[in-house]
Amino acid sequence: MLDLSPADIRLGESFDSRDAAIRAVAQLLHEQGAVQANYSDSMLARERTANTYLGNGVAIPHGRPQEAHLINDTHVVLIQVPAGVPWKDGERAKLIFGIAAKSDEHISLLGRITTITSDEVLAEHLANTNDPQDIIRAISVGAQGNARFSDDNFDGERIIVPFSNPRGFHLRPASQIAEATERMDGDIRLVANGREADARSAMSIVGLGIRAGSDIEIRSDSPFADDHLRQLKRLVEIINDEPQEAVEDEGPSVDWKPADLSHAQVITGTMAAPGIAVGPAFLWSQLSAAPSERKRGDVASERDALKAAIASAEETLRELSEDASMNKVQRNLFEAHATMLSDEILLTEASAQINERVDALQAWNTVLAKKVSQLESLADKHLAQRSIDLKDAGRRVSRILSGAEEVSLASLTTPSILIADDLEPSEAAQLSRSKICGICLREGSPNAHSAIVARSLGIPMVVACGWPLEQVAAEDKVVLDASGARMILHPTEEDVTSANEVIKTLDAQRQRAWTDRFKPAITQDGMRTEVVANIARVAEAEEAVQAGAEGVGLVRTEFLFLDREHAPSEDEQYECYRAMVDALGGLPMVLRTIDIGGDKPVDYLGLSERDLSFLGLRGIRIGLARPDIIKTQLRAVYRAAKHGPIKLLFPMIATSNDFRRIRNIAEAVRKEVDGPRIDLGVMIEVPSAVIMATELAKVADFFSVGTNDLTQYALAVDRTHPLLAKRADSLHPVVLRLIRQAAEAAHAEDKWIGVCGGVAADPLGAQILAGLGVDELSMPPATVPAIKEKLRHGNFHDLQQLAKRALEQEDAVAVRLLPIT
Ligand code: PEP
Ligand code: MG
């Protein structure tokens, strides 16, 4: 049994940083003859991709499997740090177990350590004890200590699965189980070695100390126990089969390793956008100055002041949303904020308060706070995000009312690292890489909108650093190692130089994908997949060409019809389609007829809510019910088709009759305007279209799979329902099998098939789809270079194997666990 001896223990140590503590445990392991001197690098690298903090001040740093050859003997050491050392997410480690294990010998030790992590009083005592025997005793009794013995009177379903992974049930597979059970209901437990664990808690699973050769009993009392048990059994089988030599996900492919942090200060946080940056600190405050004393007017003038402030904020936001120098994420954010401010309810409620003689600023702030807290109280994370946006947009109005000035980045001459408590999404959206090369926040979250913006701009970002960030002064030199979730204050010149070299390498990687963006996506063994773009506006056609798209695989024309009082005229549509064709300079463009309905309603067509539902008069059904609308659009399309290679795509085709009817209408219109014959395709997004794919492939010129809707209709999951988001994963084998069926039907008739749903832009999705033989992938322009690069590096034979395995899985979780080639 792996145990501690007094020589393995150091008491009363202190460290400035987590990395220093990890180096010290590696050194102690080395002194004990367990590992080679450079094992510390492996431990530090492991920490970057996994958090080894277990709870109650206990951390278990260890190396990566691919460096197991640096281990001489399996061994464990302990360093006690009574004052604690910052670890991750604001936690402090006080008992640091350094583990060197060649395979699974440490698993039973993990089980014993969890008795400390589940007993706060014991953990605190051990963190301060002067007697190493206290720790040795706690670890050796742990095996019997808090173990929870299984209850044989359990009233539910059970299944037994043999466990055979030689690495044992360590933290990563335990987290996979815990994550998979999140979507399940009822009580789910794992039983092994006479103990049981809550399957939703990775730590309690690790505590079972499961090694290869053990049987695991999985229990569920849910009405869906059969399904849950089968899925979990499958997951354990996948864990059993995981390749032993697999290199763990490294995140960004280049690691920065500082040489000397002894005089530097390391502030740790959570990575929100990967990368690394070097520069002077720029301390950012939310408002540049205290609001000026605001003079209050009479009711009418206060109401006017509020109206004017809202109008001015909205106008600025609309201008920003159209600013061509911003990217799409930035522009969308400003557009969303403008729309929020245009909501009459805010003005109406604030005006009601003004009528009660409350001044405009206070009335606005009160209404805003109320709406924000209403949104916050809705436990749903997407809606909580909207509360942040509303607060952000609302503060813009408050600033105008109070006369406070906007903070400006104009004064910055050197690219700097922005340091702040938090960053509003709209503040993030105004940043540019030429001024801000990194962001480090005391608060924040990787899911916040500001993080999405930072990622879209490629600005490295670390969040949730806590109070230590207060130590940073303006102009301090820092290295922001976002991929390592840390910021180094006062780094040595040598570390600055090495960080700058890593920055150059990462830029070169990004640059390579960008430089090679015009190269076709041909796998190493010669299989080509066309990579094209989804667009909705003319500017995006230009963006697509710039990003290396080989054409446009989907124009969502309905965007021309939304947010207006009446449908666009034939000429307006013609101008728009023609401008897109011109922007594409001869590249092919698949134009989809209007797909109104579902989540894209319009008011002016006189359609009821029922008509516009996902199962109502959506897509082509409106065209068939209201030929006037579709004929106008078709006339505009055929006129534009005289100027470039347009293909037409029809959404929501459910049967071959649907297609024949719309094809006849199209042909009549073509003759009317003397347009060219163009290819007519079927959008495969309704399961019945897949069932009829053989017939459809005979009459259509091509297929384009809309996986967003195919997933929704095949799995009966409303694609807009936040609580069902996890179920709506287009990598579900149900969806993949439907795509395979459609692809086989298309190819049997020598027709091509594309995929234009969101899964085409997912690196794993793109690989599986290419492996299924999909001919074309269509995606947002910004994702084109990276997907092309990914496909170019693959091998078609491997992608086919990957696709084959994906089709055999039982759910999307299992597909996502397949090793990427
Ligand atoms: C789809 O359904 O996958 C698709 C591309 O169309 P939309 O998302 O516009 O419905
Ligand atoms: Mg669709």
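Are Glu685 and Asp709 buried or exposed? Both are buried (under 20% relative accessible area; exposed is over 50%, partly exposed in between; 1.4 Å probe, protein chains only).

This is a predicted model, in which local features need pLDDT of at least 70, side-chain atom pairs count only at pLDDT 80 or more, and totals for chains, interfaces and linings use all residues. Residues are numbered from 1 along each chain as its sequence is written, ligands are numbered from 1 in the order in which they are written, and side-chain values use heavy atoms, without hydrogens and water.

**View 1. The magnesium site.** Glu685 (OE) and Asp709 (OD) coordinate the magnesium ion (ligand 2) at 2.0 to 2.3 Å. Glu685 sits in the loop between β23 and α22 and Asp709 in helix α24, so the pair ties together parts 24 residues apart in sequence. Helices (H or I, at least four residues) and strands (E, at least two) are DSSP runs, numbered from the N terminus. Donors are N, O and S atoms within 2.8 Å of the metal (3.2 Å for Na, K and Ca); water is not among the atoms, so the site may look incomplete.

**View 2. A link between Arg230 and Glu810.** Their side chains meet in a salt bridge (3.5 Å, N to O), meaning a side-chain nitrogen of Lys or Arg within 4 Å of a carboxyl oxygen of Asp or Glu. Arg230 lies in helix α8 and Glu810 in the loop between α28 and α29, 580 residues apart.

View 3. Asp571 of α18 pairs with Arg639 of helix α20. Arg578 and Asp582 also form a salt bridge (3.7 Å, N to O); both lie in α18, four residues apart.
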